[in-house]
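Here's a quick briefing for anyone meeting this structure for the first time.

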Amino acid sequence: MKNEVKIHEVDPSLNNRRSFLKLSGLTLVTAGLVMAGCSNNDDDNDMEDTSLPGIRNGVFDLGSGDFGVLTYAYALEQLEADFYTKVVNSTSFNSTFNDIERQVLTDLYHHEVIHRDFFKAALTGALPDPSSQLLPSLAFNYGSLNFNSRTDVLATAKALEDTGVAAYNGAGKLIKSPDYLLLAGKIVSVEARHASAIRSLINPNSKDFAGDDTISVSTGLDVAKDPSKILPIAGGFITTKFTAKYLP
């Protein structure tokens, strides 16, 4: 099952450039992830069933270990990609946001769609049985969120981006493969840029881009949260039922 993504009308030259970057970057990075997964085939055969994502007792579970963390990240990237797809395709997108805001939100849309598609392609190539072990395309409900409201959209974007950064930071310690950890580090650095950009749109020319609510004054480190702390927050928008029984 594939998500149908309607691409908002933007500068054709921009779309062409991003399409090239998306295809070339996704191909190269996915190849690295698939090779990292293949290099551990002997270990995979010795894994307990809980190490792999899949349906247990009628409900899809994210599993544990590296595949569990990657599937967890895939779920979060599906949410972010869906949110920004709805933002840029809102009927009032052009009138609700100024030129700079539209540019930022459109860039974030492209990034999150690439992240989502990357995880889907990588997991499809690396899982022993992707037909039963790949997390399905999730469904979402944003409740009373008004996509025609600048305040609502930016506040939700801030919450999602801050949550995404904390999620990757918290999941890092669960990843065993250096290749996977490197890729997660590359993605979380992008998510942190997203969070900073959204915070600057909400409160320009302030220290909020690296606010004390996310970065410790004493250590200079960003917030890190375990999946058990992140999923209840993200789950407020996700209507597809799944579990994460084997992630901390």
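Helices α3 and α9 run roughly parallel to each other, a label used for angles under 35 degrees, while over 145 counts as roughly antiparallel, 65 to 115 as roughly perpendicular and the rest as oblique. Keep in mind that this is a predicted model, where local features need pLDDT of at least 70, side-chain atom pairs count only at pLDDT 80 or more, and totals for chains, interfaces and linings use all residues. Residue numbers start from 1 along each chain as its sequence is written, and side-chain values use heavy atoms, with hydrogens and water left out.

**Helix α3 with helix α9**

- Two packed helices are described by the angle between their axes and the distance between the axes.
- For α3 (residues 65–88) and α9 (residues 227–234), the axes come within 12 Å and cross at roughly 25 degrees. Axes here are lines fitted to C-alpha atoms, for helices over the stretch in contact, with angles from 0 to 180 degrees between N-to-C directions.
- The helices themselves are DSSP runs (H or I, at least four residues), as are strands (E, at least two), and both are numbered from the N terminus.
- The α3 and α9 crossing is left-handed, meaning that the near helix is turned anticlockwise from the far one by less than a right angle; clockwise would be right-handed.
- From α3, Tyr72, Leu76 and Leu79 meet Pro227, Ile230, Leu231 and Ala234 of α9; contact means heavy atoms within 4.5 Å.
- Sorted by class, this α3 and α9 contact has 7 nonpolar residues, no polar ones and no charged ones. Nonpolar covers Ala, Val, Leu, Ile, Met, Phe, Trp, Tyr, Cys and Pro, charged covers Asp, Glu, Lys and Arg, and the others, Gly among them, are polar.

**Helix α5 with helix α8**

- The axes of α5 (residues 99–126) and α8 come within 11 Å and cross at roughly 160 degrees.
- That angle makes α5 roughly antiparallel to α8.
- The crossing of α5 and α8 is left-handed.
- Among the α5 residues that meet α8 are Val104, Leu108, His111 and Phe118, and the α8 side includes Ile187, Val190, His194 and Leu201.
- By class, the α5 and α8 contact has 12 nonpolar, 3 polar and 3 charged residues.

**Two buried side chains**

- Thr85 sits in helix α3 and counts as buried at 12% relative accessibility. Buried means under 20% relative accessible area, exposed over 50%, and partly exposed in between (1.4 Å probe, protein chains only).
- The Thr85 side chain reaches the backbone oxygen of Ala81 at 2.7 Å.
- Arg56 belongs to strand β1 (residues 54–56) and is buried too, at 19% relative accessibility.
- The Arg56 side chain reaches the backbone oxygen of Leu52 at 2.5 Å.

**Exposed loop residues**

- Most residues other than glycine have a negative phi.
- Asn57 isn't a glycine, yet its phi is positive, at about 55 degrees. Asn57 lies in the loop between β1 and β2 (59–61) and is exposed at 75% relative accessibility.
- Asn205 also has a positive phi, near 55 degrees. You'll find Asn205 in the loop between α8 and α9, exposed with a relative accessible area of 85%.
- Leu221 lies in the loop between α8 (178–202) and α9, and is exposed with a relative accessible area of 55%.
- Which residues does Leu221 contact, leaving aside its neighbours within four places in sequence? They are Thr214, Ile215 and Ser216.

Terms used. A polar contact is a pair of N or O atoms within 3.5 Å; within protein, one must be able to donate a hydrogen and the other to accept it, and residues adjacent in sequence count only if both atoms are side-chain atoms.
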